[in-house]
Amino acid sequence: MVGFVSLKTLNLSNLLSATAYTAPEQQLGQLTPASDLFALGPTLLYLLTGKDPSGFYTSQENGVRVYPEYIPGVSPALVTIIRKLANPLLEERFVSAIEVREALGKAALSGEGI
């Protein structure tokens, strides 16, 4: 049975944590397949570290972006994949799940590990 969360149980930290998984265009109500792919980047960060992915966002370069290179032991190939998944610019992201799968496969076969 699926239940609904009472609005009284929501708090600001839960809301801020959820936005770490949400693409910028999705926050504006504009959904695309790339919006779903965006969420894979923060999900990978969580799976790698067990930490809230919002802690991996910082304002450098061209605005707020995710920086997985600060995670010890993560291969450069996986850093590139996570950064591309969670890129705030829609046109800079992967266009399909197949493209993500291929990139992950190449990273796994590269000898660098993932």
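Trainee: How do the residues lining the largest pocket divide into nonpolar, polar and charged?

Mentor: Nine are nonpolar, four are polar and one is charged. Keep in mind that this is a predicted model.

Trainee: Okay, and what volume does the largest pocket have?

Mentor: Its volume comes to about 200 Å³.

Trainee: Which residues lie nearest the centre of that pocket?

Mentor: Thr 19, Ala 20, Gln 27, Tyr 57 and Val 64 do, out of 14 lining residues. The elements that give two or more residues to the lining are α1 (12-19), α2 (24-27) and β2 (63-66).

Trainee: Which element gives the largest share of the lining?

Mentor: That's β2, with three residues.

Trainee: Let's zoom out. How many helices and strands are in the chain?

Mentor: You'll find five helices and two strands.

Trainee: What percentage of the residues is buried?

Mentor: Of the 114 residues in the chain, 28% are buried.

Trainee: Last one, on contacts. What share of those with a separation of 6 or more comes from residues 24 or more positions apart?

Mentor: In this chain, such pairs account for 43% of the contacts with a separation of 6 or more.

Notes: Residues are numbered from 1 along each chain as its sequence is written. This is a predicted model: local features need pLDDT of at least 70, side-chain atom pairs count only at pLDDT 80 or more; totals for chains, interfaces and linings use all residues. Side-chain values use heavy atoms; hydrogens and water are left out. Helices (H or I, at least four residues) and strands (E, at least two) are DSSP runs, numbered from the N terminus. Buried means under 20% relative accessible area, exposed over 50%, partly exposed in between (1.4 Å probe, protein chains only). Contact means heavy atoms within 4.5 Å. On a 1 Å grid over the protein atoms alone, a cavity is a set of points where a 1.4 Å probe fits but cannot get out, and a pocket is an open set with protein on both sides within 12 Å along at least five of seven lines; lining residues have an atom within 4 Å of a point. Grid points are joined across faces, edges and corners, and a volume is the space filled by probe spheres set on the points. Ala, Val, Leu, Ile, Met, Phe, Trp, Tyr, Cys and Pro count as nonpolar, Asp, Glu, Lys and Arg as charged, and the others, Gly among them, as polar.
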